[in-house]
Amino acid sequence: MSTPATTPDAAATPPEVEAFIDRWGPSGGGERANYQLFLSELCDVIGVPRPDPSKADDAANTYVFDKVVKFAAADGAASNGFIDLYRRGAFVCETKQGVEKQKADALSLAAPSAPKPRRKTGTSVRGTIGWDDSMIAARGQAESYVRALADDNPPFLLVVDIGHSFELYADFSRLGKVYAAFPDARSHRFKLESLRDAAIRERLRGVWLDPLSLDPSRRAAKVTREIAGRIAVLAKRLETKGHDPESVAWFLIRCLFTFFAEDVGLIAKGAFTELLGSVKSSPDSFVPLVGELWKAMDSGTFSTALRKKMKRFNGGIFREHEPLKLDAEEIGLLVEAGECDWQDVEPAIFGTLLERALDPRERHKLGAHFTPRAYVERLVVPTIIEPVRDDWEAARAASLAEASAGRMKEAVAEARKFIEGLGSIRVLDPACGTGNFLYVSMVKLKEIEAEARDWLGQLGEKQSDLEAMERTVDPKQFLGIEINPRAVAIAEVVLWIGWLQWHLRAKVSPNSFSEPILHAYGNIECRDALLEYDRKELVRDEAGKPVTRWDGVTMKKHPVTGEDVPDETATVAVERFVNPRKAAWPECDFIVGNPPFLGSGRMRQRFGEGYAETLRNIYSDVPDSANYVMYWWDKAATLLRAGGVRQFGYITTNAVSQVQNKAVVIRHLAATESPISLVMAIPDHPWVDSEDSANVRIAMTVAVAGEVEGVVFDIEQEIASADDAPVCFFSERRGCIQASLDVGGAAKEVARLRSNRDLTARGMCIVGGGFVVAESQAKAFEVAEGAVSARLLRSFVNGNDITKKTPRKLWLIDCHGHSEQEVRDRWPAVYQWILDRVKPGRDHNNDPARRAKWWLLGRAHLDVRRILAAGRSYLATVMTAKHRVFVRIDGDVIPDQGLVLLR
């Protein structure tokens, strides 16, 4: 492995650093004798506290030498391990003590039979395959310590050869699953002498005191958000001038990529921003000059605008190169965006923020939280990276065995074979949005590729030979399906920016890329991921006019109540699907993603009853009441059971463990033929960027073929952050993971008990917020219409009311058993209330019965009414509660549909 090229000025090095290097450089042989003293003095050098004394209560040992961890064997036996140095929430440190290769001294050469001086041999001789093996083993030992820690997955591993070198590995997902070379495979190892570099000392100080500050994605988030804000202002101005959203999107995408290209040296540094500045005073020249530049970038010809020959970019981004016309102020907005540091943009959030900036309905979310890259990694790593890293460890072990036996040609072949295979892995996100999950998957695979190439360097491969290797992980391996064409375009750009960033940060020259630099692989498809059909036909009424429905998205303020209600003027045509069938997905090795968070009702509202019914008919194994995401889960599980993919992992809402969704999971886990297993689950996790960008709770699940055990991660603590989503800390449970995302017996061993049938009933389905009124309004009805409460108004509770200390004291208008005319004649104040607040929404409901009987609750719920008619109190529990609690409720109180009643 190579070391960072640091040539600090020795005169500027603090004397204590020079003294430390001089003192420890000659050391060797005695790891146990040296490591505590070495690390204590290192703490002094980098300006951090020394470790604390060990205490009898091991839980209190959060920063100590020889931290005790328990290893459990398969037979139930236990043994202790000792972490050389541990700091909770920061790192696990494992030390070794290598020695330099000894030269024969004059006495030995003169008298070969003379007694040799006794030397400590240390772990291994530096510069040999054996030393590489010992450092790999030390990293593996550190990883095993992390797995054995009961309540901590520190973000860093530190592997130290005392007096010689340091190695850093990081896992910012905080799952402790896969640690990658940090900051990259070329510079994660640095020698003792590198401590003369203040930046190296500051990096180590960060590992000790603020490890999460070293996460590159967190540092890049600020500039990315700043850029998106500026672009949003320009997008709004262009749309106001009448440009259609797609033209605005493509124009700005071309601008943004050109800014990136100039900042990383793919075109002359600052050239595009300077060009924009020069035409600000003469806006009429903006279109011809920028259009000429983009045409040259597309074809790789000479640009008269920049007076330089351009690299050929191609790839579709600059195929249409005519810019939109801008005025001086709009050009100024572009100049301001160009002055940002585009080489540090974070693709994992760039796509999300750019989509928000370009969508008028999403623009208000620019200031909201975005999904941190660490959250995405928590799914990508166990789904894709863990199994691939297992493959790499096996390949490296085989290569090391060949090298140790002196068969270097075979050792090189083993490593090259793995890299070839790595370049053929295909990852699919069938609901890819702007490509965040695909980008993170690509970067994590690039990290493994860099390690494999670095290993080839240790085996003697020259840098020129490594760079000449044709197969490399690149965007064509990352496949996406997305129905939004604007998101498709952004996803392609996100992957290419991420790929170029990776190579440029690995010190690859901007002039070394073969042309065209970008390729139009067509790996992101713009289509529906669940349904295919021959065509769509308009549904027409008896008069032959197209039937329309509410678009499912656009809202307006009600003129009386001020509440958000569906905008009846925002309509789309109702369509019929001809010859519908399940959509085919491209062949791949792994599936990962974050499908839309929509309940069954919202699915009908958003896409229309025709689409919802067609989907249900085609995917008949999925319950009608299941969430939209479960169709993706079912499709991936079916492919996994058929051997079509190796593993899949999805984000779902945490309602995945509810009855209607759990049925999908159980069917695949408990299958008689080719069952699958969950190998990782996080049942309850914070999330943002949901369907409405609200803060929601989600679940993560990763599945593999066969019957194996897995690990459930439970959040022990969430620490709020002003600039980011909460930082999470986890504990683990291992065993057979059930569809409930709990650990227990095998799913196929569980059977339904007929004696439990009809023991419960679900509370009232309301369908219309106007039915629920505050206690003050209920009393107003009493004043206006007498004893109305005995006929129409009943006390009402939902899950929050019975779990929170202070119930809301709400009432429900229940017109069951009364006609519309009767309600209007007998209780006009109540009638007017629900006419204003319920009917506007019901008029656009896809259920004809609910439209016609708009004054009634969504369902009659005769089973619940029979329980209430008895007049006795009943037990209820919250359907979605994390912990099962039963509460006794008075018999005159109506329960919401989120409650389950015990008969």
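**Notes on the model**

1. Ser165 is buried, with a relative accessible area of 1%. The model is a predicted one, and this residue belongs to strand β5, residues 165-170. Its side chain makes a polar contact of 3.0 Å with the side chain of His164. Beyond the neighbours within four places in sequence, Ser165 is in contact with Trp131, Val159, Val160, Arg189, Phe190, Lys191 and Leu192.

2. Glu94 is also worth a look. This residue sits in strand β3, residues 91-96, and counts as buried because its relative accessibility is 5%, under the 20% cut-off. With neighbours within four places in sequence set aside, Glu94 is in contact with Asp84, Ala138, Gln141, Ala142, Tyr145, Leu158, Val159 and Val160.

3. One runs from Phe182 to Pro183, with omega near 0 degrees; Pro183 is in the loop between β6 (180-181) and β7 (189-191). Another runs from Glu515 to Pro516, again with omega near 0 degrees. Pro516 lies in the loop that separates α16 (485-505) from β12 (524-526).

4. For Arg307 the value is about 60 degrees, and the residue lies in the loop between β8 (302-303) and β9 (308-309). Arg307 is exposed, at a relative accessible area of 70%. For Val767 phi is about 55 degrees; this residue is in the loop between β27 (760-762) and β28 (772-774). Val767 is partly exposed, with a relative accessible area of 23%.

5. Which residues touch the most other members of the largest nonpolar core? They are Phe251, Phe257, Phe286, Phe313 and Leu445, in a core of 125 residues. A second, separate core has 44 residues, including Leu615, Val629, Trp632 and Ala637. In soluble globular proteins, nonpolar side chains tend to be buried together.

6. Helix α7 covers residues 245-264, which is 20 residues, and spans 29 Å from its first C-alpha to its last, close to the 28 Å expected at 1.5 Å a residue. The helix is mostly covered, with 16 of its 20 residues buried. At its start, a side-chain oxygen of Asp244 comes to within 3.2 Å of the backbone nitrogen of Glu246. Just after the helix, Gly265 has a positive phi of about 90 degrees.

7. An open sheet of nine strands has the order β12-β11-β10-β21-β22-β24-β23-β25-β26, with mixed pairing. Its edges are β12 and β26 (727-735); each has a single partner strand, so one side of each is left without a neighbour in the sheet. On average, neighbouring strands of this sheet are turned by 20 degrees against each other, direction ignored.

8. Within that sheet, β10 (residues 427-429) and β21 (residues 590-593) pair in the parallel sense over two bridges.

9. How do the strands around β30 pair, parallel or antiparallel? β28 and strand β30 (residues 810-813) are antiparallel, over three bridges, and Val772 has Leu812 as its bridge partner in β30. Strand β29 (residues 793-797) is joined to β30 by four bridges, and these two also run antiparallel. Here Leu793 stands opposite Ile813 in β30.

Technical notes
Residues numbered from 1 in each chain as written. Predicted model: local features only at pLDDT ≥ 70, side-chain atom pairs only at ≥ 80, totals over all residues. Heavy atoms only, no water. Buried < 20%, exposed > 50% of the residue type's maximum accessible area, 1.4 Å probe, protein only. Core = buried A, V, L, I, M, F, W, Y, C linked by side-chain atoms within 4.5 Å. Pairing = 2+ DSSP bridges. Axes fitted to C-alpha atoms, helices over the stretch in contact; angles between N-to-C directions. Polar contact = N/O pair within 3.5 Å; in protein donor to acceptor, adjacent residues only side chain to side chain. Contact = heavy atoms within 4.5 Å. Expected span 1.5 Å × (residues − 1).
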